[in-house]
Amino acid sequence: MHQHLRRICLLLAVTSSFGASSAFAADAGHGADLAKRWCASCHVVANGQTQASADVPSFISVARRPDFSPERLAFFLLDPHPKMPNFPLSRTEAGDIAAYIASLR
């Protein structure tokens, strides 16, 4: 139950960061820098990247999913999950990476 409550709190924090403030603007450029530094060892994160793990989706394929949402992706990045390393991302960093991936649509 504690894990479920934690997920709800994270979702509320992320969605309020994205939707409640018109002053909030995710920085896709910063997200691209973070992705190249932290994500490129497993994912293809940019055009021209030649190496990544074969069994993980490219960022373009993530962006093109019919149910893609930058808010949901940022929440996913903040919540530890077993298939990916646990990077200590801030809400801003998760939002920036999600904005970068959204820019690839």
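Visitor: Does phenylalanine 87 count as buried, partly exposed or exposed?
Guide: This is a predicted model. In it, phenylalanine 87 has 26% relative accessibility. Buried would need under 20%, and exposed over 50%. Phenylalanine 87 therefore counts as partly exposed.

Visitor: How many aromatic pairs does a search of the whole structure find, and how is the pair of tryptophan 38 and phenylalanine 87 classed?
Guide: The search of the whole structure finds two aromatic pairs. In the pair of tryptophan 38 and phenylalanine 87, the ring centres are 5.7 Å apart. The planes stand at 5 degrees, and under 30 degrees counts as stacked. So this pair is stacked.

Visitor: How many residues apart in sequence are the parts that this pair ties together?
Guide: Tryptophan 38 lies in helix H2, residues 28–39. Phenylalanine 87 lies in the loop between helix H4 (70–78) and helix H5 (91–103). The pair therefore ties together parts whose separation in sequence is 49 residues.

Visitor: Which residue lies over the face of tryptophan 38, and at what distance from the ring centre?
Guide: Tryptophan 38 counts as partly exposed, at 23% relative accessibility. Over the face of its ring lies arginine 37. The distance from the ring centre is 5.4 Å.

Visitor: What is the orientation of H2 relative to H5?
Guide: H2 and H5 have their axes 7 Å apart. They pack at an angle of about 95 degrees. Angles of 65 to 115 degrees count as roughly perpendicular. H2 and H5 are therefore roughly perpendicular.

Visitor: Which residues of H5 make the contact with H2?
Guide: H2 contributes Ala28, His30, Gly31, Ala32, Leu34, Ala35 and Trp38. On the H5 side, the residues are Glu93, Asp96, Ile97, Ala99 and Tyr100.

Visitor: Is leucine 34 buried or exposed?
Guide: Leucine 34 is found in helix H2. Leaving aside neighbours within four places in sequence, leucine 34 is in contact with Cys39, Glu93 and Ile97. Its relative accessibility is 1%, so leucine 34 counts as buried.

Visitor: How far apart in space are leucine 34 and aspartate 96?
Guide: In sequence, leucine 34 and aspartate 96 are 62 residues apart. In space, C-alpha to C-alpha, the distance is 8.3 Å.

Visitor: How are H4 and H5 oriented to each other?
Guide: The axes of H4 and H5 are 8 Å apart, and the packing angle is about 135 degrees. H4 passes H5 in a right-handed crossing. Roughly antiparallel would need an angle over 145 degrees, and roughly perpendicular one of 65 to 115. H4 and H5 are therefore oblique.

Visitor: Does threonine 50 count as buried or exposed?
Guide: Threonine 50 is found in the loop between H2 and helix H3 (59–63). Threonine 50 and alanine 40 are 10 residues apart in sequence, and 10.0 Å apart in space, C-alpha to C-alpha. At 80% relative accessibility, threonine 50 counts as exposed.

Visitor: What percentage of the residues in the protein chain is buried?
Guide: The secondary structure comes to five helices and zero strands. Among contacts in the chain with a separation of 6 or more, 62% join residues 24 or more positions apart. Of the 105 residues in the protein chain, the buried share is 34%.

Definitions and conventions. Residues numbered from 1 in each chain as written. Predicted model: local features only at pLDDT ≥ 70, side-chain atom pairs only at ≥ 80, totals over all residues. Heavy atoms only, no water. Phe/Tyr/Trp six-rings, centres within 6.5 Å; stacked < 30°, edge-to-face > 60°. Helix = DSSP H or I, 4+ residues; strand = E, 2+ residues; numbered from the N terminus. Buried < 20%, exposed > 50% of the residue type's maximum accessible area, 1.4 Å probe, protein only. Lys NZ or Arg CZ within 6 Å of the ring centre and 35° of its normal. Axes fitted to C-alpha atoms, helices over the stretch in contact; angles between N-to-C directions. Parallel < 35°, antiparallel > 145°, perpendicular 65-115°, else oblique. Left-handed = near helix turned anticlockwise from the far one by under 90°. Contact = heavy atoms within 4.5 Å.
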